[in-house]
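Dear colleague,

The notes after it go through what was found, topic by topic.

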Amino acid sequence: MFLTAAVECGLTCTMPARLFRSSDDLLVSPAPRAPERSLPLKRSVDPSPAPVPDRLWSRRHRLVGSLLGLALIGGFVTRVVLLAKAAGEVTWDDTLIAAFAWGTLFDLGAALWGCLPVAIGLAVLPARLFQRRIGTVMAGFTVLLALYGLLFGAVAEWFFWDEFGVRFNFIAVDYLVYTTEVIGNIRESYPMPVIFGLVGLASGLGTLGLLRAGFLSGNVGQPPDSAAARWRTAAAWTMAALIVGVPLHESALPAFANVYNRELAKNGVWSFVAAFRANQLSFESFYPTQTTAESFARIRQIVGATAGDQPAADAGKGPATAPTVTPDILRWVANPGPEQRLNVIQITVESLSADFLAHFGNAQAVTPNLDALIPRALVFDSLYATGNRTDRGMEALALSVPPTPGRSLIKRPDNAGLFTLGSVFRSRGYITEFIYGGYGYFDNMNTFFGGNGYKVIDRTSVEKSDVTYANVWGACDEDLFRWTMREADEVFAQGRPFFQFVMTTSNHRPFTFPADRIDLPSKTAGRSGAVKYTDYAIGEFLRDAATHPWFNQTVFVIVADHCASSAGKSELPVQNYHIPMLIFTPGGQIKPGVVTTVASQIDFAPTLLGLLGWSYPSRFYGRDLLALPPGTPGRALIGNYQKLGLFQDGKLVVLQPVRQSATFAYSARSHDLTRLPPDSELTTDAIAYYQTASWLFAHGLQRELPPGAVAP
């Protein structure tokens, strides 16, 4: 099609101008001739218009071919720029050639689908429209919009790559949903008027240059195309989009050893749409599986459930009467006690990577308060986040479940009344609260915590005077901790113990905070300044709490939701999931020390309850790290929406669509992952974790238990 159009265009451009004169002119002889002796003939003029040529391809659709060319050039240039940005991270070998080849294919698919509305529109519009100036104006405006979209998309991809090290993905989809926070964040972080202005100026100059260079010559105007030619061309464009686009999936990409190379092979728009469509994934449809019975038998062994534990089908009916086993992990967890009814304040810190703390080798002194607390706390040296988003951290800390594929349970429907750490505390008469400095509709936080029995306190539930400083993500951490203190005082005055899930916001782009708090400037100091401010706010909170009567009867937990960065060369960069956790009791109820066992965020809930000496029925997937039998290997569950990992004994098993698995050796020194032969036992364990967790939620069995549901 494009070759035919090019030939036609060339012929049109090389034809003499005289050929476009009127048919009457063609009857005039170039030189006078002697009259012949014959009767004079009267010239007749046909009043009907000249017939429209029935071409195979529509002339006006050359505009679509031109837009396709612009899109392919834009995709290539964007890929080159991102390659330059990641020059120190990519692997410079022949996989880069493959990445660019695949990238061009995805660019073509995205461009064909993007141009399809224009192709259909050109078929629908009447011929007379393109015989007037307005047709050329519309074509020029289409080119302007296309250039603006390509340039703005490239700029957006640059900033997204700078933040996350990937093309558009699930994060971009979520950001599109929460427009208030995201747009506000962008406005506060970047000079948007300047960016919009520069992109608009570049688009305008580009369009003007293309028009003056004859970009639209032969694309629109005389002579008109027949309707048949227009619809044949539109049909051809549609077929091309279907043939290229329908079978094209990112799952077909080769297994690049370096994830940066793999990301370069993608197209940002295509990846965005793919992420939008894959918000939820069925584990049994896309991942390696075993029979449901096999997976539950294995996971019950891992978590320590026995045949005598209460099966799910009998939940709420009293002690089990027979050692039957149904698909469930419900069991009785026995601790020697005595039980301690201590208050618990869990401070979940936004984006606090382990390597921000001096304990883990940081020399910049950005966490002086946490560093000073470490000798007095129980420190978990080898704790790993389950994901790279706040909702994943909340899911693991509150529910003690693996990061099942697709969206976290925080955002899914039917997520109320689940078995949570809060439900265990409420079974002992505790008041449970979720306290957040931002607007809790973000990431569905309010709906989830409110639906699971927590009192919700966020920016909408406090007076405006309660907010002394805020950015788009929420009130500053000092304000958040002041609300936390007030809630603790109120519950204590009622004579009730409390459990508070506190979520900070200040360590988040645009990294702004109140002035004159620390020795680093707001915003311009970047994440280091935000981390140091959050550390300052935590220190001030603990010093203030020390003056309150409930202080010595309270457990303070400081844990991250995820790391500051999740990008890496490997499928699941293990080092970018390493987070700190400190448990501190000023009254001395929990002894200081260091736990070196490799662990996951899902181990927090059972470990905390074990430290309190509680016995309780459990549906937690996590383990009490201080009660593991000698020789039990540590393990961590990590994921990134589609890839699900189990890290144990220096090996990482990764499950991914479509029914694929791989085993790697992880180097703690270089952080490299080296492909190994399949480890069938570790793969079986990984499948058991993720398959059963997905099954339980899908079948409505991850539910809160009524009192007396399980007997010891």
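A crossing of two helices is called left-handed if the near helix is turned anticlockwise from the far one by less than a right angle, and right-handed if it is turned clockwise. Helices (H or I, at least four residues) and strands (E, at least two) are taken here as DSSP runs, numbered from the N terminus. With these terms, the crossing of α2 and α3 is right-handed. By class, the contact of α2 with α3 has 19 nonpolar, three polar and two charged residues, where Ala, Val, Leu, Ile, Met, Phe, Trp, Tyr, Cys and Pro count as nonpolar, Asp, Glu, Lys and Arg as charged, and the others, Gly among them, as polar. Helix α2 covers residues 62–85 and helix α3 residues 94–124, and their axes come within 8 Å and cross at roughly 145 degrees; such axes are lines fitted to C-alpha atoms, for helices over the stretch in contact, with angles that run from 0 to 180 degrees between N-to-C directions.

Please bear in mind that this is a predicted model, in which local features need pLDDT of at least 70 and side-chain atom pairs count only at pLDDT 80 or more, while totals for chains, interfaces and linings use all residues. Residues are numbered from 1 along each chain as its sequence is written, and side-chain values use heavy atoms, with hydrogens and water left out.

Turning to the aromatic residues, a search of the whole structure finds 35 aromatic pairs, a pair being two rings of Phe, Tyr or Trp (its six-membered ring) with centres within 6.5 Å, called stacked if the planes are under 30 degrees apart, edge-to-face if over 60 and tilted for the rest. One of them is edge-to-face, because the rings of Phe296 and Trp695 have their centres 5.6 Å apart and their planes at 80 degrees. This pair links distant parts of the chain, since Phe296 belongs to helix α12 (residues 292–303) and Trp695 to helix α20 (residues 680–698), 399 residues apart. Both Phe296 and Trp695 are buried, a word that stands for under 20% relative accessible area, with exposed for over 50% and partly exposed for what lies in between (1.4 Å probe, protein chains only).

Tyr689 is also placed in helix α20, and with a relative accessible area of 2% Tyr689 is buried. The C-alpha atoms of Tyr689 and Ile299 are separated by 6.3 Å, although the two residues are 390 residues apart along the chain.

Elsewhere, one aromatic cluster is formed by Phe425, Tyr430, Phe434, Tyr436, Phe448, Phe449, Tyr454, Phe499, Phe501 and Trp614. Two arginines sit over rings of residues named there: Arg426 lies over the face of Tyr454, at 5.6 Å from the ring centre, and the charged end of Arg428 sits over the ring of Trp614, 4.7 Å from its centre. A charge counts as sitting over a ring if NZ of Lys or CZ of Arg is within 6 Å of the ring centre and within 35 degrees of the ring normal.

As for cysteines, a search of the whole structure finds zero disulfides, a disulfide being a pair of cysteine sulfur atoms within 2.5 Å. Cys115 counts as buried at 6% relative accessibility, and Cys563 counts as buried at 7%.

Some backbone details deserve a look as well. The peptide bond from Arg509 to Pro510 is cis, with omega near 20 degrees, and Pro510 lies in the loop between β8 (498–503) and α18 (526–545). Ala365 has a phi near 55 degrees, a positive value in a residue other than glycine; Ala365 lies in the loop between β2 (343–349) and α13 (368–373) and, at 45% relative accessibility, counts as partly exposed. Asp649 likewise has a positive phi, near 55 degrees, and is found in the loop between β15 (644–648) and β16 (651–656), where Asp649 is exposed, with a relative accessible area of 61%.

Finally, Ile183 is found in helix α6 (residues 179–189) and is partly exposed, with a relative accessible area of 47%. The C-alpha atoms of Ile183 and Val472, 289 residues apart along the chain, are separated by 8.7 Å.
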